[in-house]
Amino acid sequence: MNLTRRQTLLAGAAAPLAAAPSLTLAQNNAPAALPTHRDFTLGDFKVTTLLVGSRSVENPHGIFGLNVDDETFETVSTENFLSTDAAQFFFTPTVVNTGTDVILFDTGLNAAGTTSALSAAGYDAGDVTHVVLTHMHGDHIGGLTNDDGVETFANAAYVTGQVEFDHWAQAGNEGFDAKVRPLAEKMTFLQGGQDVRSGVTAVEAFGHTPGHMGYMLESGGSQLFLMADAANHYVWSVAYPDWEVRFDMDKAAAAATRKTLMDMASADRFPLIGYHMPFPGMGFIETRGEGGYRYVPHSYQLI
């Protein structure tokens, strides 16, 4: 029997594929067969993304592209090999080790998940010198305290944006009142352009929440931007920044912020880390047509 080249290749691939274990994404937990952290080098900084949780969410068009019709959403999704039935969400705090400080950006959904990922990355909760909150949504502040209300990062200084804190201090919500308000006396508040530490600068990225902040990292002549929730999906948010997102409190401001950030990242060619991007959460941006962008996942550029 004569086999075509394609048939031969498929036959050779069948055995290892059949023997390979399947990867299952666990609901509300880190994917069981995937790593919980990834290290990157930025000049003299060691940057580590932590996968503290992942879950599947049905009906992504009920979250992304609220201002486009079903046909447009389905066409874009199909072009990008995406299901319109469900989306996989990732939750990714970031650790920046400057050599003198260990700075944790956001604290995940709960203390247990975040400290577990930290431990896998080689850090104890007591090693964290600064906890920086990009904004006050529950999946970013959940790990500040454990189920008994005990501080998770007792040795750390707390840093957040003044505008963000002031909004929630006045509006209040269950998560803020339980997790953030009790720590208010220990917090330092920043405006855009101010530094957490040398080489770590707050950047106003308002819209997702009233005072949402990103942070620019600079070391050894290189830059990396932590965009937090400025964009929450690599296609439905990054590629189409004008598409409205249900979780954005000011949708027009959030869209303007996305376009500004994508223009900066594509022009200056620095990588971004997004809290909800597919793990390990880092990618680059290039322009695509009029007012659109393409997310290029990190491979080995910052090893």
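The model is predicted. Its protein chain has eight helices and 16 strands. The chain holds 303 residues, and 48% of them are buried. Among contacts with a separation of 6 or more, 66% link residues 24 or more positions apart.

Strands of a sheet pair through backbone hydrogen bonds, either parallel or antiparallel.

Strand 10 pairs with strand 11 (residues 200–204) in the antiparallel sense, over two bridges. Asp195 has Thr201 in strand 11 as its bridge partner. Now move to helix 8 (251–268).

Next come strands 7, 8 and 9. Strand 8 (residues 157–161) pairs in the parallel sense with strand 7 (residues 130–133), over four bridges. His130 finds its bridge partner, Ala157, in strand 8. Strand 8 also pairs in the parallel sense with strand 9 (residues 187–190), again over four bridges. There, Thr160 has Phe189 of strand 9 as its bridge partner. How enclosed is strand 8 by the rest of the structure? Four of its five residues are buried, so strand 8 is largely enclosed.

Thr209 sits in the loop between strand 11 and strand 12 (213–219). Is Thr209 buried or exposed? Thr209 counts as buried because its relative accessibility is 1%, and the cut-off for buried is under 20%. Its side chain makes a polar contact of 2.8 Å with the side chain of Glu164. The Thr209 side chain also reaches the backbone nitrogen of His212, at 3.3 Å. Leaving aside residues up to four places away in sequence, Thr209 touches His135, His137, Glu164, Trp168 and Met249.

Finally, turn to the backbone. Most residues other than glycine have a negative phi, and most peptide bonds are trans. Asn59 is not a glycine, yet its phi is positive, at about 55 degrees. Asn59 lies in the loop between strand 3 (53–58) and helix 2 (70–79). With a relative accessible area of 47%, Asn59 is partly exposed.

Arg269 also has a positive phi, near 60 degrees, and is a residue other than glycine. Arg269 lies in the loop between helix 8 and strand 14. Arg269 counts as exposed because its relative accessibility is 68%, and the cut-off for exposed is over 50%.

The peptide bond between Phe279 and Pro280 is cis. Its omega is about 15 degrees. Pro280 is in the loop between strand 14 (272–274) and strand 15 (282–288).

Technical notes: Residues are numbered from 1 along each chain as its sequence is written. This is a predicted model: local features need pLDDT of at least 70, side-chain atom pairs count only at pLDDT 80 or more; totals for chains, interfaces and linings use all residues. Side-chain values use heavy atoms; hydrogens and water are left out. Buried means under 20% relative accessible area, exposed over 50%, partly exposed in between (1.4 Å probe, protein chains only). Contact means heavy atoms within 4.5 Å. Two strands pair if DSSP finds at least two bridges between them. A polar contact is a pair of N or O atoms within 3.5 Å; within protein, one must be able to donate a hydrogen and the other to accept it, and residues adjacent in sequence count only if both atoms are side-chain atoms.
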